[in-house]
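Please keep the 3D view open and find each residue as it comes up.

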Number of protein chains: 2
Amino acid sequence: MRRGDMSDRPSRMVRLGPGAEFDRIRRAVAKAGELPATVRVGPGDDAAVLEGGWVLSTDLSVEDVHFRRSWLSAREIGYRAASAALSDLAAMAASPVGLLVSVAVPGAIREDMNEDMNDDPGVDLDALYDGVREAAEAVNAAVLGGDLSRSPGPLMLDVAVVGCTLWPVLRNGAEPGDELWVTGRLGASAAAVRAWQQGEQPSPEARDAFARPVPRIREACCLVEKELVGALIDVSDGLAGDAGHIAAASGVKIVLEASRVPIAAAALDALGSEAALDSALYGGEDYELLFAADPGTVDPASFEQRFGLDLTRVGRVFEGEGVWLDTGDGEPRPVAPASFDHFREPGR
Amino acid sequence: MRRGDMSDRPSRMVRLGPGAEFDRIRRAVAKAGELPATVRVGPGDDAAVLEGGWVLSTDLSVEDVHFRRSWLSAREIGYRAASAALSDLAAMAASPVGLLVSVAVPGAIREDMNEDMNDDPGVDLDALYDGVREAAEAVNAAVLGGDLSRSPGPLMLDVAVVGCTLWPVLRNGAEPGDELWVTGRLGASAAAVRAWQQGEQPSPEARDAFARPVPRIREACCLVEKELVGALIDVSDGLAGDAGHIAAASGVKIVLEASRVPIAAAALDALGSEAALDSALYGGEDYELLFAADPGTVDPASFEQRFGLDLTRVGRVFEGEGVWLDTGDGEPRPVAPASFDHFREPGR
C-alpha cells in the first residue's frame, strides 16, 4: 500500500495548474478514505494500479483548452486525445489493453455530416472514433466502450485507459545521485501551438508533434525490463513541470542542465534557441519519457539504435527539493512549474 | 470471447440517442479490431470485463444536458455523476472498487470561491469532489485518480468506474418465457426535471430521486448470487429504452404491462397517472435494475424485506423483437426507444 505516500505526491488531478489550484485539489483528493485491498497504487501518480497489475488512468481533452478545431481534423483530435491518455500507461511502464472514450460533441448529432444544420460546422464523429481507434491499435489496445453526449459548448473527450504490468514504475523512486534522462526531443508541439496562436501555419514536423504524439510504450517497457529506472513520468507538463512531479514525489532536488536539454529542430527553427528552450521546459505535451536511473547504468547508444530515438541525460538528482536550472553561468536557479493551458499566459 | 456478439448488441456509446445516431455510432465502434486476449467482454454492454473479473465503464455528465447548475449544488452534481457511473457496475452485478473522475470546469479555477472573478459564479470544486467521494464511499469504492481542466463552456464530469465480479451478467441472456422484473419505483427523477423545466420546485422526493440516485449494487449482487438473473441492465434510458437494450442484445421481444409498471408516488402526484407512466417508460435516470429471470424463480417478498425496495414483474419475454406495451385494451403496441436528453423534445 502506497497510501501513506499520497500527501507527499502531486496528484494527476492537478495537471491543470500551478500554485494554489494545485494545492487545493490535492487536498480534495487527499481526503479520500482508505483504499480497497485490491488497490495497489491510489491517486497521485500517472495512473492507479490494481491487484493483478491492472493500471488505470484518464485524460481529458477540451476544445479551446487543449486544441482548436481549426488546428486539427476530427481524426487527429481523436488520435491525439487517445495517445495522450495512453502515454500515462507508458509513464507507468504498462502495456496497454484498452480504453473507454467519452465524447461530448457540440451541435446536433446527425447521420449525414454533409447536411447543413444550424451554425455549428459539426464534428465528424466517425472520423473522431477512427482516430481514437487508430491510436489504440498502434499500441495493441482495443476500444472497450465509452459514452456519448451532446455538448452545449466545446467538444470534449475523456479517455480512460487500462493496461497491465507486474512492475509499475512510479514517480517517487528517484534518489540523490541518480541521473535524469529524457527520450526524444522536446518543444516541437509547443512550437506548433505558438505558430497557430500567431496566425501562422506550423512546420510539418511541429504540426505532427502536436497532432500525432507517440506514447512511448515500447521504450518504457524496454527500459524497465533492464531494471534501469527508479522513477518514471511522461512529459506532458513540460520538462520543468514533470521533473517537478518527480522531485516532489521522491523528496529530492533535481538540477536540469540547460545545455543538455534536447530541443527539437522544429522548435529551434521556429523559435530560436532561447524560446525553444522555454518551449521544452514549459511547453508540455511532448509525451516523451523522463526518468531517473542509477548513474552509469543507462546506455543511450543501444537505446537509440533500437528505437531510433534520442536518449539524453538532462540532469541529476540531489538531496533537497524543487527543480533547478543550471545555465552554466553561475549557480543553478529554481524553476517554477509550468502551465499546460495553451490559451493562458504561461504560469511561471 | 463474446466478440462475435457485438454487432447484435447495442453499445453503451449510443446512450445519447434514438434512431440514426444510435446506428452510426454502433457502426463506428463495431469497426474495432480484435480484442486483446485479456478482454472478456468488449464494448456493447453496460461495461467491459477484463481477465480476472475486472469491470470497466464510463459515464458522462454534461451541464445543460444532464443537469443544470441552478438545480443542484456542486456536491450533488458530483454525487449524481459518480452514482450514475457506479450504477453501470450494478448493471453488471459487479462490486465497485474505485473510480477516476475527470472534470472540465467553467470559469477561472481559484483558491477562494468567495472571491469575485468575472461573470461566472464558478464551481465549488471541493464540494464537487466531496460529492464524488461520498457516492464512492457509499458503495465501498475509492477515488483512484482523475483529470482536471478548465472548460470554456459547460461543467462536465466523466466518471470511469472499475469493479470486479466473477459472474458478470450481460444484457444478452434474456430468453423467451422469462419474466422481466424491475426494482424500486420509476419516474420520480423525470418528474423533478419536468418541474424545474416548468419553473417550479420539485417535491423533496422527486428532487432526491434526481439529485441522489442510489446505484443498486447490493441488490444486484444478491440477485446474481441466487442465480436468478439471465439478463441485467440499469434503468438509465427509461424502462422502454432499457428493455429495448435487453431485447436487442438477447434477440427477443419484450412486452411491458402498463398496469404493472411501478410508478413513484412523487411522479403520480406531480404528473397524474398518464404522464407519470410516460415518465417511467421514457424518462430515464431512475438507476433501478431491470432484469430477466426464469418464471417463478424470483421471490419479491424476501427481496422487499431484505432491501426495503419494491421488486415488480413488469413484463414478459417472447420470441420476436422490439419492446411492446400492453395497455390492457387490445393488442400490445410497439414502443420506441427513449431519449435521455432533458433539454430536447422526447425522441419518441
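1. **Charge over a ring.** A charge sits over a ring if NZ of Lys or CZ of Arg is within 6 Å of the ring centre and within 35 degrees of the ring normal. Keep in mind that this is a predicted model. In chain B, the charged end of Arg212(B) meets the rule: Arg212(B) sits over the ring of Tyr79(B), 4.0 Å from the ring centre. Now turn to chain A. There, Arg212(A) lies over the face of Tyr79(A), and the distance to the ring centre is 4.0 Å.

2. **Aromatic pairs.** Next come rings that meet rings. A pair of aromatic rings is described by the distance of the centres and the angle of the planes. Ring centres must lie within 6.5 Å to count as a pair. By this rule there are 8 aromatic pairs over all chains. Take Trp71(A) and Trp196(A). Their ring centres are 4.7 Å apart and their planes meet at 10°, so this pair is stacked. The cut-off for stacked is under 30 degrees.

3. Where do Trp71(A) and Trp196(A) lie in chain A? Trp71(A) is in the loop between β3 (54-62) and α2 (74-90), while Trp196(A) is in helix α4 (residues 188-197).

4. **An edge-to-face pair in chain B.** Trp71(B) pairs with Phe210(B). The centres are 5.7 Å apart, the planes are at 75°, and the pair is edge-to-face. Trp71(B) lies in the loop between β3 (54-62) and α2 (74-90) of chain B. Phe210(B) lies in helix α5 (residues 204-211) of chain B. The pair links parts of the chain 139 residues apart. Trp71(B) is buried, with a relative accessible area of 7%. Phe210(B) is buried too, at 1%.

5. **A cluster in chain A.** Go back to Trp71(A). Ring pairs link Trp71(A), Trp196(A) and Phe210(A) into a cluster.

6. **Strand β4 of chain A.** This strand spans residues 95-106 and is mostly covered. Of its 12 residues, 11 are buried. Which way does β4(A) run against β6(A), parallel or antiparallel? β4(A) and strand β6 (residues 156-164) run antiparallel, joined by 9 bridges. Here Leu100(A) stands opposite Ala160(A). β4(A) also joins strand β5 (residues 142-151) through 9 bridges, and these two run parallel. In β5(A), Ala142(A) is the bridge partner of Gly98(A).

7. **Strand β4 of chain B.** β4(B) is mostly covered, with 11 of its 12 residues buried. It pairs with strand β6 (residues 156-164) of chain B in the antiparallel sense, over 9 bridges. Find Ala104(B): it stands opposite Met156(B) in β6(B). Another 9 bridges join β4(B) to strand β5 (residues 142-151) of chain B, running parallel. Val103(B) stands opposite Leu148(B) there.

8. **Helix α6 of chain B.** How many of the 9 residues of α6 (residues 217-225) are buried? The count is 7, and the helix is mostly covered. The buried residues include Ile217(B), Cys221(B), Cys222(B) and Leu223(B). The buried residues of α6(B) pack against several elements of chain B, among them α2, β4 (95-106) and β8 (229-234). The list also includes β10 (289-293) and α9 (300-307).

Key:
Residues numbered from 1 in each chain as written. Chains lettered and ligands numbered in written order. Predicted model: local features only at pLDDT ≥ 70, side-chain atom pairs only at ≥ 80, totals over all residues. Heavy atoms only, no water. Phe/Tyr/Trp six-rings, centres within 6.5 Å; stacked < 30°, edge-to-face > 60°. Helix = DSSP H or I, 4+ residues; strand = E, 2+ residues; numbered from the N terminus. Buried < 20%, exposed > 50% of the residue type's maximum accessible area, 1.4 Å probe, protein only. Pairing = 2+ DSSP bridges. Contact = heavy atoms within 4.5 Å.
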